[in-house]
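Dear colleague,

Please find the structure below, followed by a short account of what was found in it.

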Amino acid sequence: MPIAQAAREELVGFRGRLIGPEDAGYDEARKIYNAMIDRRPALIARCADADEVARVVGFARDSGLLLAVRGGGHNGAGLGTCDDGVVIDLSALKDIEVDPQARTVRVGGGCTWGEVDRATNEHGLATPSGIISTTGVGGLTLGGGLGHLTRKCGLTIDNLLEAEMVLASGERVCASADENPDLHWAIRGGGGNFGVVTSFLFRLHEVSDVFAGPTFWPVELGADVLSAYREFLPSAPRELNAFFCFHIVPPAPPFPEEIHLRKVCGVVSCYAGSEEDARKAMAPLLDALPEPLLHGVQAMPHPVLQGAFDGLYPPGDQWYWRADFVEEVPDEAVAIHAQFGAEIPTMKSTMHMYPIDGAAHDVGSDETAWSYREAKWGTVFAGVDADPANVAQIRDWSIRYQEALHPYSAGGAYVNMMMDEGQERIRASYRGNYDRLADIKAKYDPGNLFRVNQNIQPAAG
Ligand SMILES: Cc1cc2nc3c(=O)[nH]c(=O)nc-3n(C[C@H](O)[C@H](O)[C@H](O)COP(=O)(O)OP(=O)(O)OC[C@H]3O[C@@H](n4cnc5c(N)ncnc54)[C@H](O)[C@@H]3O)c2cc1C
């Protein structure tokens, strides 16, 4: 019997949707953000609430089926879906409750960051997330969360107070400092390995308008700009987040026509504070370099910044990326960046170097599962294009770029920016925390039901 039909017979009274390959809307429902990944699940279960998540977990487990969990569906490696198995689709879990007095927000497991940012901004508050508003809260948070507010407010996981979860057993539990603290430790960086998070509780910070935008120089100045940036950023105030990047300027507003399609290097900055302080904070970098092609920094509401890249990166492009953590950027690495930056293969391909310092360094390497606290940057080499014919080209650039710089890296990578790169790479990314994660995995998911992720294997009993 087809799996979707078996699910309908077993999950009587299911209020969400059970979608199989024969059903209308199946092709739309199975699409994920990265169009390079084309998987055909046997069942997509769009659950209406946490009880339904628990029922589908039980159905998949008892039927011996592969189980994937989909938050926002943004994962580069396509870890929110699978072939032939069951996908728990959390997209209907959209509740958002802001408590301005307690400075917290409770967020359904299927929300995207844009939805959360808009709700918290109404109260002049925010929690740190990423740089694209369509990314899922679920995957981004569980892997760590690097974004425009990292230096001021820490990683997303540093603000995760509580998570309501469905375990492999079907049991519903809370993970916090007081309840199941081992689970709370593990989910702050350990990804979706330990269960399905149906709601998150985050701490909020006073962030309303930010002073933000891109500053671009010609790509030929790549080595100069990167050298100046690596000296400047670590001593800049925490309110300033600025990531280094290579881009090709999109041929559209708000970019001036004279720089359309030009290869550039630069920084995308976000100052969470006043305009006057923002200008002071950026001055040492601008003073050290020639006049930029574009200095597009201006005041804007935080959610506007969060959505600034959305138009350039809609769902449905081909994505291949690699990543590495970095402690130092020696001159040899600067030269390699300058070479590959000048060779960006397509308009949407990019390299971003996200700062990991400031508040992210206030937490120790073993205080959460996210082990690279002493890294200063997380680098991502993203080959992106709308046309499937260009996959080989973008993939090749991304791999060659990362491999050339890997000897200068800290060893591991941010799990949320990895492809399917094997167990050794996953171990390298958790380092000293891996064995503890494997013990916690053995306690909460001994059968490795949740294995469509950067997988932590349960420790042998
Ligand atoms: C365009 C783009 C921009 C990005 N920018 C950033 C950025 O600025 N900062 C950053 O840190 N990351 C960024 N990322 C990486 C992003 O964090 C990961 O791709 C993340 O996995 C996406 O989460 P998702 O919920 O959308 O993904 P999905 O594909 O739905 O899921 C990814 C993984 O998380 C698990 N998962 C998702 N939700 C849950 C849940 N509620 N409970 C249990 N497991 C769950 C899934 O099982 C899967 O293993 C970006 C990705 C893209 C494609």
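Helices (H or I, at least four residues) and strands (E, at least two) are DSSP runs, numbered from the N terminus. Q423, I426, R427 and Y430 of α13 make the contact with Y434, D435 and L437 of α14, where contact means heavy atoms within 4.5 Å.

This is a predicted model: local features need pLDDT of at least 70, side-chain atom pairs count only at pLDDT 80 or more, and totals for chains, interfaces and linings use all residues. Residues are numbered from 1 along each chain as its sequence is written, and side-chain values use heavy atoms, with hydrogens and water left out.

Helices α11 (residues 331-341) and α12 (residues 391-405) cross at roughly 170 degrees and are therefore roughly antiparallel (over 145 degrees) to each other.

There is also an open sheet of 4 strands with mixed pairing, in the order β1-β2-β4-β3; two strands pair if DSSP finds at least two bridges between them. β1 (17-19) and β3 (67-70) stand at the edges, each with a single partner strand, so one side of each has no neighbour in the sheet. β3 and β4 (residues 86-89) run parallel, joined by 4 bridges.

Yours sincerely

Key:
Axes are lines fitted to C-alpha atoms, for helices over the stretch in contact, and angles run from 0 to 180 degrees between N-to-C directions. Angles under 35 degrees count as roughly parallel, over 145 as roughly antiparallel, 65 to 115 as roughly perpendicular and the rest as oblique.
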